[in-house]
Amino acid sequence: MNRKLRMGMVGGGSDAFIGAVHRLAAFMDNQIELVCGCFSVDPEISKASGKSYFLPENRVYTTYQEMFEQEARLPEGERMDFVTIVTPNFVHFAPAMMALENGFHVVIDKPITFTLDEALTLQSKLQETGLTLALTHTYSGYPAVKEAKERVARGELGEIKRIYVEYPQGWLASKLEDTGNKQASWRTDPKRSGKAGCMGDIGTHAHHLAEYISGLKVTELCAELNVFVPGRLLDDDGAALLRFDNGARGVLMATQIAAGEENALKIRMYGDKGGLEWNQHEPNTLWMKWADRPTEMVRVGTGQMGAVSQHNTRTPGGHPEGYLEAFANIYRNFSLTVRAKMNNEQPTAAMLDFPGIEDGVRGMRFIDTVVEAGYSDTVKWVKFEE
Ligand SMILES: NC(=O)c1ccc[n+]([C@@H]2O[C@H](COP(=O)([O-])OP(=O)(O)OC[C@H]3O[C@@H](n4cnc5c(N)ncnc54)[C@H](O)[C@@H]3O)[C@@H](O)[C@H]2O)c1
């Protein structure tokens, strides 16, 4: 196969936030082109958006149902190869299922679905079809995060005993949903967001990052969820104590009411030989801390990074890579995997390094568990059921 992969989109019109980031990320490595979409719940916005993306009128659809039906009828040489789904959480499952039923691979944003059952149904459908799904847990795309994962796997820190992951934002410190802000409006509505607010929106990123870097799995947690802004229907703040499958203990904190904070995701992890620290606001630096020698600063784009990190780095040291490149790493690895499968080749481990359905299911288990534990003064530990 000697061509770009053809991408369709559900959501991501001029009325949306993250869709534009997905397109930048998808196009960064020249592997993917946008060929069609149903870009908005509002057909006029979908049409106008498609026009502004220079798509032919007949590939801009009014509904996603129409898009999957029409695209599946096009000749193989024309139709899209995969769809990116960037709608509010309650519009994830139906388009994802329809995509898989019509033979299209899927990129989808987190949380993967509205309920755990839907995520499990998607998992079965993926097994049945052999198609590929990427879940955009952006932060696992950073080269320094990948370096951290490799170093932990090599045992540099010894046995992991303690993990702290914190994700404070401040943008929902006031009742932004009452001002007409679309992103705040659906995120704080249980009918469109799901059973969790802040924990579903950013707690799932923190949980994923902790499991991704450590290679460990949370087995149970104890939590408190809070609704600080009066009249809000879902958590806007919370914290959880985590127990991991090797006996390690963790603390996860996620809040959207920390006024003044931007996107201050930070993780620290400690074993018996040393620890590490990574901050999203300084993503090209990984701090390594040692029991028996001074702290080391490891920088992306220098000879200090291993092969996996280098595979996910585009520029030499000192030329900062950030959010868009991390997002693009998910798209690149996904597209390399899909391309290899189309060529009947086995994707390499480096190609397969992107979050997928298992991470999506774990994210939904995290939401269920943290909500069950989070409002009870009597339930202490709640298990992640498998
Ligand atoms: N990975 C990340 O870091 C990250 C960041 C932001 C958002 N997200 C996730 O991305 C998703 C979208 O978030 P957002 O902030 O861009 O939301 P948004 O409200 O800005 O955009 C949603 C888009 O979906 C469209 N839409 C809604 N229903 C539709 C339908 N039936 N058919 C076609 N289009 C439809 C809307 O018109 C809009 O264009 C959410 O699941 C969110 O959790 C992930």
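**Figure 1. Leu-233 in the loop between strands E7 and E8.** In this predicted model, Leu-233 belongs to the loop that links E7 and E8. Its relative accessible area is 62%, and Leu-233 is therefore classed as exposed, the cut-off for that class being over 50%. When residues up to four places away in sequence are not counted, Leu-233 touches Thr-188 and Pro-190. A separation of 9.4 Å is found between the C-alpha atoms of Leu-233 and Ala-196, which lie 37 residues apart along the chain.

Figure 2. E7 comprises residues 218-226 and E8 residues 237-244; the two strands pair in the antiparallel sense over eight bridges. One of the bridge pairs joins Val-218 to Phe-244 in E8. Helix H12, residues 357-374, lies across E7, E8, strand E9 (249-255) and E14. The helix runs at about 50° to E7.

**Figure 3. The open sheet of nine strands.** The strand order is E13-E12-E11-E10-E6-E9-E8-E7-E14, and the pairing is mixed. Strands E13 (296-299) and E14 (382-383) stand at the edges; each has a single partner strand, so one side of each is left without a neighbour in the sheet. Helix H6, residues 143-153, packs on the sheet and touches strand E6 (160-168), strand E10 (266-271), strand E11 (274-279), strand E12 (285-290) and E13. The direction of H6 makes about 30° with that of E12.

Figure 4. E11 and E12 run antiparallel and are joined by four bridges. Gly-274 stands opposite Trp-290 in E12, and five residues lie between the two strands of this E11-E12 hairpin. E12 also pairs with E13, in the antiparallel sense and over four bridges. Here Leu-286 has Val-298 in E13 as its bridge partner. E12 and E13 likewise form a hairpin, with five residues between them.

**Figure 5. Surroundings of the ligand.** The ligand is surrounded by 29 residues, of which the closest are Asp-15, Phe-17, Asn-89, Lys-110 and Gln-183. In the side chain of Trp-186, an N or O atom is 2.9 Å from a ligand oxygen atom. The ligand taken alone exposes 860 Å², and the protein buries 92% of that area.

**Figure 6. Helix H1 and its cover.** H1 spans residues 18-27 and is mostly covered, with seven of its ten residues buried. The buried residues are Ile-18, Gly-19, Val-21, His-22, Arg-23, Ala-25 and Ala-26. Their cover includes strand E1 (5-11), strand E2 (32-38), strand E3 (82-86), strand E4 (105-108) and helix H11 (323-342).

**Figure 7. Arg-59 between helices H2 and H3.** Arg-59 is located in the loop between helix H2 (43-52) and helix H3 (64-73). The relative accessibility of Arg-59 is 10%, so this residue counts as buried, the limit being under 20%. Apart from neighbours within four places in sequence, Arg-59 is in contact with Val-35, Cys-36, Gly-37, Glu-71, Leu-74, Glu-78, Arg-79 and Met-80.

Notes: Residues numbered from 1 in each chain as written. Predicted model: local features only at pLDDT ≥ 70, side-chain atom pairs only at ≥ 80, totals over all residues. Heavy atoms only, no water. Pairing = 2+ DSSP bridges. Contact = heavy atoms within 4.5 Å. Axes fitted to C-alpha atoms, helices over the stretch in contact; angles between N-to-C directions. Buried < 20%, exposed > 50% of the residue type's maximum accessible area, 1.4 Å probe, protein only. Near = heavy atom within 4 Å. Polar contact = N/O pair within 3.5 Å; in protein donor to acceptor, adjacent residues only side chain to side chain. Areas by Shrake-Rupley, 256 points an atom, 1.4 Å probe, with all protein chains shown as cover.
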